Amino acid sequence: MAENRMEIPPMETPLLLMQKVSFSYNKNPLLCQIDLHVRPGRIIGIAGSNGSGKSTLLKLAGGLIAPSEGSIRLSPPDGLAPVSYCLTSEQIPGWMNARKLMAYYSHFFADFDRERAQELLDSLALPQKRSLYWLSSGQITLIALSLGLSRRAALYLSDEPLASIEPKLRRDIRRFLLRCMPEGSSLVMVTHHLNELQYMLDELAILHRHTIRQIETETIRRKYGISVEDYFLKETKND
Amino acid sequence: MGFDAAAPIYIQIGDRIREEIISGKYPPGEQLKSVREYAVFYEVSPLTMHRAMQYLESQGLIVTKKGVGSFVNPQLNPTAARQMVKEQALRFISRLREMGLSAPEILKLIQECLQQDNPPRDRPENEEDMKNG
Amino acid sequence: MTELFKYLRWDAKRRLYAARIFLLIWFALDLIVFALPQAACRWITFHAPFLTALFNILLALAGFGFLFYPAFILSASWFRPRRTMEQLTGISTKKQIVSGLLLNIPSALLLFLQSQIGSALMQKFARGGMSYFHLTFSEAAGFLPTFFNLMVFIPCLYLFFYLAIGKPGGNIPAFLLAYIFSPDITVLSQIFLPASLAPAADLVTALVKIVLTVAMVLGAARIAEKRGY
């Protein structure tokens with residue numbers, strides 16, 4: 001797949017460089033020799049069928065788990081944290097609320113900008129003291145994104161921010177991401193919603209059969225003249 | 001925002017902004033919205049929006065001052081603008097020809113549309129609809 | 001060290017919140033029993049003995065929980081998939097295990113306290129020759145050594161055996177082994193003791209157990225990390 005393998009221009013140091021990364025879960029190989037690079041100022045989508053290891057890939061990038069082999073190198077510019085992994089609604093206990101979550105972030109992360117987080121939460125007009133148990137998953141996602149994006153990081157990771165969310169709120173979340181992403185930082189999203197996100201994504205990484213293929217969305221349009229989702233379906237057809 | 005899936009997005013956005021400039025919505029010297037604001041409005045990546053701005057700048061339509069923003073070229077040549085409108089008209093006519101209309105038919109069609117379309121001319125939906133088929 | 005303490009504060013808050021309903025219920029029950037006038041107690045004893053029986057059973061569970069709690073709750077905490085929020089803080093498995101073991105101590109103390117308070121309150125329902133479950137420590141044993149033995153040493157043994165067995169469902173055997181081995185270690189630590197040190201036998205046992213505990217905690221942490229817990 002030489003046409004799909006992107007070359008890194010020598011000037012730009014990638015924010016994230018994963019080389020030959022492998023990961024197994026309970027002796028079952030999940031990811032084999034994965035290469036992934038993320039340049040500054042990009043929005044990248046990771047797509048793949050269920051169980052293909054997308055969430056695991058994101059956790060590896062975020063440093064939450066360690067690979068069984070391969071290297072993961074994060075090269076943030078000065079003054080920024082290398083990566084900020086945004087929590088999903090399933091990962092936060094129901095008894096937490098926005099305030100407590102903010103306390104958690106303040107407690108553990110020196111790069112957390114509390115004022116900005118408060119600004120974002122206030123702008124969303126969401127109940128900040130109510131337990132997440134009483135909020136919809138869309139509201140929880142917005143809270144989690146507000147806090148994750150308030151860390152001063154070079155790279156932001158989000159696992160299916162649009163999953164199980166009603167259409168109107170999905171649009172709000174898309175715009176929220178575009179509005180709150182700091183200049184020069186990159187965003188990597190695991191997503192199923194390729195149609196809705198196709199104009200927002202600069203690159204697409206397809207996880208298929210334990211390997212990855214990374215391609216610019218502009219290349220998909222120029223070379224194949226099809227939508228990003230159609231390209232994905234084409235590439236994963238023989239499943 | 002609906003885009004043509006097969007053509008580069010930054011060009012499509014650039015063209016839309018160009019039309020706004022030519023139509024006078026953004027007069028020469030006026031500051032455009034920031035890259036981020038446009039990105040949110042069109043729901044495209046900031047990188048795409050940067051490319052759109054570069055595209056417009058390469059056409060001499062806008063001038064970008066780093067750290068300040070992008071401005072419609074104050075020295076925008078009215079004939080250059082008109083030239084772009086002419087290019088659009090040529091494209092439109094060739095589309096109609098592809099659909100099988102002869103020159104007199106095209107002329108008649110446009111006259112009908114002009115009668116239907118009441119001035120002021122900020123109701124271009126009819127012509128746009130026809131252009132896009 | 002500071003990282004561990006930072007994590008401990010979060011872990012303590014998290015556990016407290018997760019257990020808040022349970023704690024509130026106990027607190028409410030205690031208050032109710034405390035506030036009941038003697039006449040009501042007598043009425044309950046005669047006409048609704050199942051209530052006292054129920055409370056008694058719950059107390060017994062709290063008391064036994066004090067014994068079993070470290071073993072089972074400890075295992076539940078570690079061998080369920082690591083929670084993302086904890087992973088996100090970047091803290092090592094080793095520190096997580098140490099934090100959990102340290103926090104088991106106040107948890108167990110709370111349970112013990114509850115069993116003591118509860119059984120004291122239960123005296124209100126006593127009549128005639130009936131006595132109620134009341135956990136006491138013999139003077140000779142002393143609170144601290146017994147507490148350390150039950151709350152720290154045996155859970156560590158349990159953790160060690162659980163990891164050694166390595167299979168799911170190894171809870172019960174690991175627990176039994178821990179209980180069986182604990183007195184053996186006491187004996188073993190004193191077998192080779194020269195006669196001159198005999199008066200300090202207890203101290204030697206205590207030292208041996210402390211060293212073993214530290215070793216087991218670190219060993220368990222390393223194994224857990226390697227197995228990707």
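**Salt bridges, nonpolar cores and cysteines**

In the predicted model, Lys168(A) is exposed, its relative accessible area being 61%. This lysine is paired with Asp172(A) in a salt bridge, in which 3.1 Å separates the closest N and O atoms. Asp172(A) counts as partly exposed, at 30% relative accessibility. Both residues belong to helix 5 (residues 167–180) of chain A, where they are four residues apart, or about one turn of the helix. Over all chains, the structure holds 23 salt bridges.

A second salt bridge, in chain C, joins Glu86(C) to Arg14(C), again described by its closest N and O atoms, which are 3.1 Å apart. This pair links distant parts of the chain: Arg14(C) lies in helix 1 (residues 2–18) of chain C and Glu86(C) in helix 5 (residues 84–88) of chain C, 72 residues apart. Glu86(C) is buried, with a relative accessibility of 2%, and Arg14(C) is also buried, with a relative accessible area of 10%. Glu86(C) forms a further salt bridge with Arg83(C), for which the closest N and O atoms are 3.4 Å apart. Arg83(C) counts as partly exposed, at 28% relative accessibility. Elsewhere, salt bridges with shared partners connect Arg170(A), Arg171(A), Arg174(A), Arg175(A), Glu196(A) and Glu43(B) in one network.

The largest nonpolar core contains 85 residues. Within this core, the residues with the most contacts are Ile92(A), Leu101(A), Tyr104(A), Tyr105(A), Ile143(A), Leu147(A) and Leu204(A). Helix 4 (residues 137–149) of chain A contributes the largest share of the core, with seven residues. When neighbours within four places in sequence are left aside, Leu101(A) is in contact with Leu87(A), Ile92(A), Met96(A), Ile143(A) and Leu147(A), and also with Met85(C). Another core, of 25 residues, lies apart from the largest one; Leu150(C), Ile154(C), Leu159(C) and Phe161(C) are among its members.

Cys86(A) takes part in no disulfide, and the nearest cysteine sulfur, which belongs to Cys180(A), is 11 Å away. Likewise, the cysteine sulfur closest to that of Cys180(A) is in Cys86(A); because these atoms are 11 Å apart, they are too far from each other for a bond. Cys86(A) is buried, with a relative accessible area of 2%, and Cys180(A) also counts as buried, at 4% relative accessibility.

How values were computed:
Residues numbered from 1 in each chain as written. Chains lettered and ligands numbered in written order. Predicted model: local features only at pLDDT ≥ 70, side-chain atom pairs only at ≥ 80, totals over all residues. Heavy atoms only, no water. Disulfide = S-S within 2.5 Å. Buried < 20%, exposed > 50% of the residue type's maximum accessible area, 1.4 Å probe, protein only. Core = buried A, V, L, I, M, F, W, Y, C linked by side-chain atoms within 4.5 Å. Helix = DSSP H or I, 4+ residues; strand = E, 2+ residues; numbered from the N terminus. Contact = heavy atoms within 4.5 Å. Salt bridge = Lys/Arg side-chain N within 4 Å of Asp/Glu carboxyl O.
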